[in-house]
Amino acid sequence: MAAINREPLTAPHRTRNDAVLAAGVAVLAVALALMGGKGTWPSPLGWTLLLAGHVPLVWRRRSPVVALIGVAACVAPYHALDNNHALPIPATLLALYTVAATGTVRRTLLTGVAVLGPTVILNGLTNPKGALEFLRISGWIIAVLFIGIDVRYYRRYVASIVDRAERAERTREEEARRRVAEERLRIARDLHDLLAHSITLIGVQTSVAAHVLTADPERLDRKAVAQALDDIAGTCRTARGELRTTLEVLRAHDAVVGVGTDLGAGAGPGSVSGAGDMRGPLPGIDGLAGLAESGRVAGAKVELSVRADGIPPSVGAAAYRIVQEALTNAVRHGGREDLTVRVGLWTADGALRVSVTDDGTGGGANGGANAGGGAGSSDGTPGFGLVGMRERARSVGGTLDAGPGPAEGFEVTATLPLPREDKAR
């Protein structure tokens, strides 16, 4: 079966194997001659033609038609000299089979006609009354050609099955790599949302505590310092808990399935950074009040307006993350103590509209870090905030625009389409 399934034109060591096969067929012809039977003993010239007719079989797979012509060129005069007609049959049938198994059906049919024509003429000249003998010879030739065609189609069928299996395996590997890349991107995005927001709040609260300590040491506002330190501790606890939960999800046995769901549940609405238990429900617009409060704790005036009901969890989670990152950027890059941030969400034209604007200096001369990548580093290196927000919007089929506001500050707007069933609602 391995020899049948293997493609003859590309099989390894085909010339060597065909040389061995040609020698074996020649030995078979000699054995048939020694065993006697019908037919005369070949003459010396007949033996020469018979053995020479087996030589082209060495190249039967490299040039099937040429090999058949070479065999026919030796076998035809052999039969014309009225030698034993049975001896060259194995070599002739092998050459015919090779042509049928390696070529098209049209070439096989033309080959059959080309072989049967001279056979009819030769048989008519040497044995005019042997009609039955002619039918027997023709039947063998036709049968061998059909066997070759059948083997060729069988090989093509096996090759197609193998090709489909290989393509399916490649597709599975590519799908696995794609899923891994998506999970890595999702992990990076959620860790950014978690850490950037928490660290920004810690930085702002630390600055408040440092300002209180250095502003008037003689009249130290212990209550304000204690409140700032308590806020820092609370933010640290929340961030630590969320990070621990994230790592637990990544270590879980079903990480490939669980990461996408659990990480998407990132930060719930019950804490400073907006994240509770990551195994809980997805954060949604109900948690925006907590985000607004965290912005107020950081020193910004946050005006929140929500006019949307029945938002699907996936769209609500995307809106939550966009507002979270926009607030983080505004607090970090606002550049003024009396910063005002206006957050608005409403539904219109089958989509949830999100708008976050501030009146800080982030859209002006200091807007490079904010406009370039969101929460950049202290040295002006762009971060990945805006990239993450755009990815959040695209994850639900929406769009996001960010840039300097019409008058001052910075503005983030997003359009998040609602599913069809929610439009009908």
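Leaving aside neighbours within four places in sequence, with which residues is A330 in contact? The points below come to that residue after the overall picture.

1. This is a predicted model, in which local features need pLDDT of at least 70 and side-chain atom pairs count only at pLDDT 80 or more, while totals for chains, interfaces and linings use all residues. Residues are numbered from 1 along each chain as its sequence is written, and side-chain values use heavy atoms, with hydrogens and water left out.

2. The protein holds 14 helices and five strands, where helices (H or I, at least four residues) and strands (E, at least two) are DSSP runs numbered from the N terminus. Of its 425 residues, 43% are buried; buried means under 20% relative accessible area, exposed means over 50%, and partly exposed lies in between, with a 1.4 Å probe and protein chains only. The accessible surface comes to about 22,900 Å², and 62% of it belongs to carbon and sulfur atoms, the areas being found by the Shrake-Rupley method with a 1.4 Å probe, and for residues only the protein chains shown count as cover. Among contacts (heavy atoms within 4.5 Å) with a separation of 6 or more, 66% are between residues 24 or more positions apart.

3. The five strands form an open sheet with mixed pairing, in the order 1-2-3-5-4, and two strands are said to pair if DSSP finds at least two bridges between them. Strand 1 (301–307) and strand 4 stand at the edges with a single partner strand each, so one side of each is left without a neighbour in the sheet. On average, and with direction ignored, neighbouring strands are turned by 10° against each other; axes here are lines fitted to C-alpha atoms, for helices over the stretch in contact, and angles run from 0 to 180 degrees between N-to-C directions.

4. Going across the sheet, strand 1 and strand 2 run parallel and are joined by seven bridges, with V306 standing opposite L345 in strand 2. Strand 2 and strand 3 run antiparallel through eight bridges, and A348 stands opposite A351 in strand 3. The hairpin of strand 2 and strand 3 has two residues between the strands, and D349 there takes a positive phi near 55°.

5. Strand 3 and strand 5 are also joined in the antiparallel sense, by seven bridges, and L352 has L416 as its bridge partner in strand 5. Strand 4 (residues 399–404) pairs with strand 5 (residues 410–417) over six bridges, again antiparallel, and D401 stands opposite T413 in strand 5. These two strands form a hairpin with five residues between them, and G409 in its turn has a positive phi of about 75°.

6. The largest nonpolar core has 38 residues, and I322, V323, L345, L352, V354 and L416 are those with the most contacts inside it; a nonpolar core is a set of buried Ala, Val, Leu, Ile, Met, Phe, Trp, Tyr and Cys residues joined through side-chain atoms within 4.5 Å. Helix 11 gives the largest share of this core, ten residues. In soluble globular proteins, nonpolar side chains tend to be buried together. Beyond four places in sequence, V354 touches residues including A319, I322, V323, L345 and L416. Strand 3 is mostly covered, since seven of its eight residues are buried.

7. The residue of the opening question, A330, lies in helix 11 and counts as buried at 1% relative accessibility. Leaving aside neighbours within four places in sequence, A330 is in contact with L339, V341 and D358. The C-alpha atoms of A330 and T357 are separated by 8.3 Å, although these residues are 27 residues apart along the chain.

8. Two further details concern helix 10 and the cysteines. In helix 10, the buried residues include L288, L291 and A292, and the helix is followed by G299, whose phi is positive, near 110°. A disulfide is a pair of cysteine sulfur atoms within 2.5 Å, and by this rule the count comes to zero. C74 is buried, with a relative accessible area of 15%, whereas C236 counts as partly exposed at 31% relative accessibility.
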